[in-house]
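Work through the exercises below with the sequence and the 3D structure at hand. Try each task before reading its solution.

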Amino acid sequence: MGEDPGRKAAEVAALQQGIELGLNLIDTAEMYAEGGAEEVVGQAIAGRRDRVFLVSKVYPHNASLRGMAAACERSLTRLGTDCIDLYLLHWRGQHPLEETVEGFERLREQGKIKRWGVSNFDVDDLRELHNPDCATNQVLYNPAQRGIEFDLLPWCGKRGLPTMAYCPLAQAGRLLQHPVLAEIAERHGATPAQVCLAWVTRDDGVIAIPKAVAPEHVRLNAAAGALTLTGEDLRAIDRAFPAPTRKQRLAMV
């Protein structure tokens, strides 16, 4: 969002519709449209801030003590708020994790963020981080990208660390054309996108953050929470998209 000024009104409306439907977590980042997405979010949540759990992310090259303080201020201005609920390191960069964590903690002490976390961290990264104050790890996850199930998801689950799944419908919705997902959707009177969202969130501790601008897609995403997949459905998805049997490199987009 935020890349095309001509679509801004529709993007704001989509976010506001989602809030009205109970989708109260909004994820953004300073990287998206170089701040443009945060401006869209800021406009959408104006007058609704108390109804939203706001997540944003800092560029790795801004994750030094001084850089993070300045980046957070810019994000707060664009978002039109004085506090971000959850502030994430977008991916690992050149700055030491200890310095980045200190930057997060200073922002929390100043009341500019409530919690902090990471994104695109694998198990080794989380072990190195070794900090119980980390609130989440945001990673790529959908039926066609299941690598994190081998070790990362179990590792996070044992430690009570929530996982935020980005691209739960894959990029550009290509996954939604798969015949197995279409068959399962037909059995439930649902859509393939709803099946994907129900699958990604089938276990506790996993949050899905799909993007949607079309009003109908927003409505369907909101309704996906009511869909429960059967054992037969899950086995069919396993056959079509086999679970990993070995360690895989962490997928990122």
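This is a predicted model: local features need pLDDT of at least 70, side-chain atom pairs count only at pLDDT 80 or more; totals for chains, interfaces and linings use all residues.

Residues are numbered from 1 along each chain as its sequence is written, and side-chain values use heavy atoms, with hydrogens and water left out.

**Exercise 1. Describe E11 and A14, two residues of helix α1.**

Step 1. Classify E11. Its relative accessibility is 4%, so E11 counts as buried.

Step 2. List what E11 touches. Residues up to four places away in sequence are not counted, and the partners of E11 are M1, G2, V40 and V213.

Step 3. Leaving aside neighbours within four places in sequence, A14 is in contact with A212, V213 and V218.

Step 4. E11 and N142 are 131 residues apart in sequence and 24 Å apart from C-alpha to C-alpha. For A14 and G67, the separation is 53 residues in sequence and 32 Å in space, again C-alpha to C-alpha.

**Exercise 2. Is N137 buried or exposed, and what is N137 in contact with?**

Step 1. Find the element: N137 belongs to strand β5 (residues 134–140).

Step 2. Classify it. N137 has a relative accessible area of 1%, so N137 is buried.

Step 3. List the contacts. Neighbours within four places in sequence aside, N137 is in contact with V118, S119, N120, F121, L126, L152, L161, P162, T163 and M164.

**Exercise 3. Examine the backbone angle phi of N120 and of C167.**

Step 1. Recall the background: most residues other than glycine have a negative phi.

Step 2. Read the angles. Phi of N120 is near 60°, a positive value in a residue other than glycine. Phi of C167 is near 50°, also a positive value in a residue other than glycine.

Step 3. N120 lies in the loop between β4 (113–119) and α5 (123–129), and C167 lies in the loop between β6 (163–166) and α7.

Step 4. Classify both. N120 is buried, with a relative accessible area of 7%, whereas C167 is partly exposed at 22%.

**Exercise 4. At what angle do helices α7 and α8 pack, and which residues make the contact?**

Step 1. Two packed helices are described by the angle between their axes and the distance between the axes. Axes are lines fitted to C-alpha atoms, for helices over the stretch in contact, and angles run from 0 to 180 degrees between N-to-C directions.

Step 2. Read the values. Helix α7 (residues 179–188) and helix α8 (residues 192–200) pack at about 95°, with their axes 8 Å apart.

Step 3. Name the arrangement. This angle makes α7 roughly perpendicular to α8. Angles under 35 degrees count as roughly parallel, over 145 as roughly antiparallel, 65 to 115 as roughly perpendicular and the rest as oblique.

Step 4. Name the residues. From α7 come L181, A182, I184 and A185, and from α8 come P192, V195 and C196.

**Exercise 5. Which residues of helix α9 are buried?**

Step 1. In α9 (residues 215–223), the buried residues are V218, L220 and N221.

Step 2. Look down the axis of α9: the buried residues fall within an arc of 165°, so they line one face of the helix. The arc is that of the directions from the helix axis to the C-beta atoms.

Step 3. Find the partners. The buried residues of α9 pack against α1 (8–20) and α8.

Conventions:
Helices (H or I, at least four residues) and strands (E, at least two) are DSSP runs, numbered from the N terminus. Contact means heavy atoms within 4.5 Å. Buried means under 20% relative accessible area, exposed over 50%, partly exposed in between (1.4 Å probe, protein chains only).
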